[in-house]
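Trainee: I'm new to this structure and would like a close look at a single part. Could you walk me through the metal site, and then show me what else to look at from there?

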Amino acid sequence: MKISAIEVYHRALPISGEPYRMALQTLTALDSTLVRVRTDSGLEGWGESCPLGPSYQPEHMLGGRAALADMAPHLIGRNPLHIQQVNHVMNQALCGSLYAKAAIDMALWDIAGKAYGARVCDLLGGAVREQLPSYYAISLLPPDAAAAVAQQKQAEGFKRLQLKVGGRDISEDIAAVRKVAEVLAPDTALAVDANRGLSARDAIQLSLACREQRFVLEQPCMTYEQCLGVRRQISHPLYLDEVITDLNMLLRAIGDNAADGFGMKQSRVGGLSQMRTIRDVCAAAGLPMTSDDTWGGDLIAASCLHLGATLQPALCDGVWIAAPYIDGHYDEENAIDIVAGQLRLPSGHGLGVVPQLAAGEAPLMQFD
Ligand SMILES: [Mg+2]
C-alpha cells in the first residue's frame with residue numbers, strides 16, 4: 001500500500017456560550033485542521049490538529065499548515081502501514097512542528113485500523129475498558145460561579161473536575177479553590193490548573209492557604225525550573241502539562257522526580273505514536289496521566305479516547321475532550337460525546353469517526 005494523496009481541510013470551531021478563560025488566554029474560537037491521507041488501495045485515513053490558539057504553545061495552526069505543505073510531498077509513495085518509518089521521514093523532512101506531524105500520524109493509525117480490521121485501541125495494545133471517564137475543566141470564574149459549575153457538573157456525572165486559576169489576584173484563586181472544594185463529593189477528584197499563570201510565590205501561597213483542601217496542582221508556573229522549585233515547598237501533589245513538550249522532557253521530569261502525574265496532550269508531543277511510548281514510560285514509572293489534546297473535534301476526541309482506553313485505570317486521570325464547549329460534530333452518526341461524565345469507544349475500524357465534507361468542499365491544499 002502506498003500513500004497516493006494528502007488533502008488538508010480547515011475547520012473553524014467557535015466556542016458556544018461564554019468565552020473560555022484561562023490564566024493567560026481567553027478563547028472564543030479554535031482553528032482546526034483536518035488531514036485526509038489517501039492510498040492507492042482506496043483506503044483513507046483522517047487526522048486532525050488543533051493548537052489551543054496561537055499562544056498556548058510555541059506552535060500555532062498557520063505554522064502547522066505550512067509544515068504540512070512542507071512535509072506532504074516527502075510522504076507520497078510511502079507505505080502508510082509503516083507508521084514508524086513515515087514518522088522518521090517526517091522528522092528528516094522537518095524539525096519540530098509536532099502539531100502537524102501529529103495529524104499525519106493520526107491518519108496513519110486510522111488507515112492501519114481499517115487495513116487490519118481493527119480499532120486503533122486494538123493496535124495500541126487493546127482497550128482495558130469500553131467506557132472511561134472524562135473530566136470537566138471549569139473556566140476561570142469568580143469563586144461562587146466556579147462552585148456552581150462544579151455542583152452542576154458533578155450532578156451530570158463527572159468524577160473529576162479541573163479548576164482554572166491564575167492571571168488574577170491570588171486571593172481570588174484561593175477563594176475559588178476553597179468554594180469549589182466545599183461542594184466536592186468525597187469521590188470527586190480536583191485538579192487546580194494554573195496553565196503556567198502563577199508566579200512561584202503565588203503558587204506556594206495558594207498551596208499553603210489551601211492546605212486543608214484536597215487537589216493536585218497542575219502546571220502552576222511558566223517554566224519547568226519554577227515548577228520544580230515550587231514542588232519542593234508545597235504539600236499538594238504536582239502535575240506537569242504544558243512544559244512536557246516531548247518524550248525527552250517527560251524522561252527528564254521523571255528523572256528529576258518533578259511531578260506526581262502529567263496532563264498529556266497528544267499533538268504537543270507529536271501524535272499517537274509518541275503518546276503510546278509516553279503511556280508506557282508513565283506506566284513504568286507508576287505515574288498517572290491524562291489522555292488529552294488541545295481542543296479539536298471528533299477526530300482528536302476519538303484518538304485521545306483510543307489511547308486513553310489502553311491506560312490502566314489506576315494510572316488514567318481521564319480523557320478531556322472539547323465537545324462540551326463547541327457545537328456540532330464532524331460525523332453525526334459516530335459523534336463523540338460525554339454522557340454522564342463518561343466516554344464510550346467508537347466501534348468502527350480505525351478511529352471510528354469519518355468526517356463529512358460539505359457538498360463540493362475543496363481542500364485547502366492537496367498533494368499527490
Ligand atoms: Mg492543564
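Mentor: Let's begin with the metal site and then go through a few other places along the chain. Keep in mind that this is a predicted model.

Which residues hold the magnesium ion? The protein donors are Asp-193 through OD, Glu-218 through OE and Asp-241 through OD.

The cut-off for buried is under 20%.

Now for a pair of helices. Helix 1 covers residues 61-75 and helix 2 covers residues 83-93. Their axes are 9 Å apart, and the two pack at an angle of about 130 degrees. That angle makes helix 1 oblique to helix 2. As for handedness, helix 1 passes helix 2 in a right-handed crossing.

What meets what at this crossing? From helix 1 come Met-71, His-74 and Leu-75, and from helix 2 come Val-86, Val-89, Met-90 and Ala-93. Sorted by type, the residues of this contact are six nonpolar, one polar and no charged.

Stay with helix 1 for a moment, as Arg-65 lies there too. With 11% relative accessibility, Arg-65 counts as buried. Leaving out residues up to four places away in sequence, Arg-65 touches Val-8, His-10, Asp-31, Ser-32, Thr-33, Leu-364 and Met-365.

Leu-43 is found between strand 4 (29-39) and strand 5 (44-49). Its relative accessibility is 26%, so Leu-43 counts as partly exposed. Setting aside neighbours within four places in sequence, Leu-43 is in contact with Met-1, Val-37, Arg-38, Ile-111, Lys-114 and Ala-115.

For a contrasting pair, go to Ala-145 in helix 5 (residues 143-156). Ala-145 and Leu-81 are 64 residues apart along the chain, and their C-alpha atoms are separated by 49 Å. Ala-145 itself counts as partly exposed, at 31% relative accessibility.

Last, a word on backbone angles. Most residues other than glycine have a negative phi. Where do we find a positive value in a residue other than glycine? One is Ser-97, with a phi near 50 degrees. Ser-97 has its place in the loop between helix 2 and helix 3 (98-116). At 22% relative accessibility, Ser-97 counts as partly exposed. Another is Trp-295, with a phi near 60 degrees. Trp-295 lies in the loop between helix 10 (272-285) and helix 11 (298-308). Trp-295 is buried, with a relative accessible area of 3%.

Notes:
Residues are numbered from 1 along each chain as its sequence is written. This is a predicted model: local features need pLDDT of at least 70, side-chain atom pairs count only at pLDDT 80 or more; totals for chains, interfaces and linings use all residues. Side-chain values use heavy atoms; hydrogens and water are left out. Donors are N, O and S atoms within 2.8 Å of the metal (3.2 Å for Na, K and Ca); water is not among the atoms, so sites may look incomplete. Axes are lines fitted to C-alpha atoms, for helices over the stretch in contact, and angles run from 0 to 180 degrees between N-to-C directions. Helices (H or I, at least four residues) and strands (E, at least two) are DSSP runs, numbered from the N terminus. Angles under 35 degrees count as roughly parallel, over 145 as roughly antiparallel, 65 to 115 as roughly perpendicular and the rest as oblique. A crossing is left-handed if the near helix is turned anticlockwise from the far one by less than a right angle, and right-handed if clockwise. Contact means heavy atoms within 4.5 Å. Ala, Val, Leu, Ile, Met, Phe, Trp, Tyr, Cys and Pro count as nonpolar, Asp, Glu, Lys and Arg as charged, and the others, Gly among them, as polar. Buried means under 20% relative accessible area, exposed over 50%, partly exposed in between (1.4 Å probe, protein chains only).
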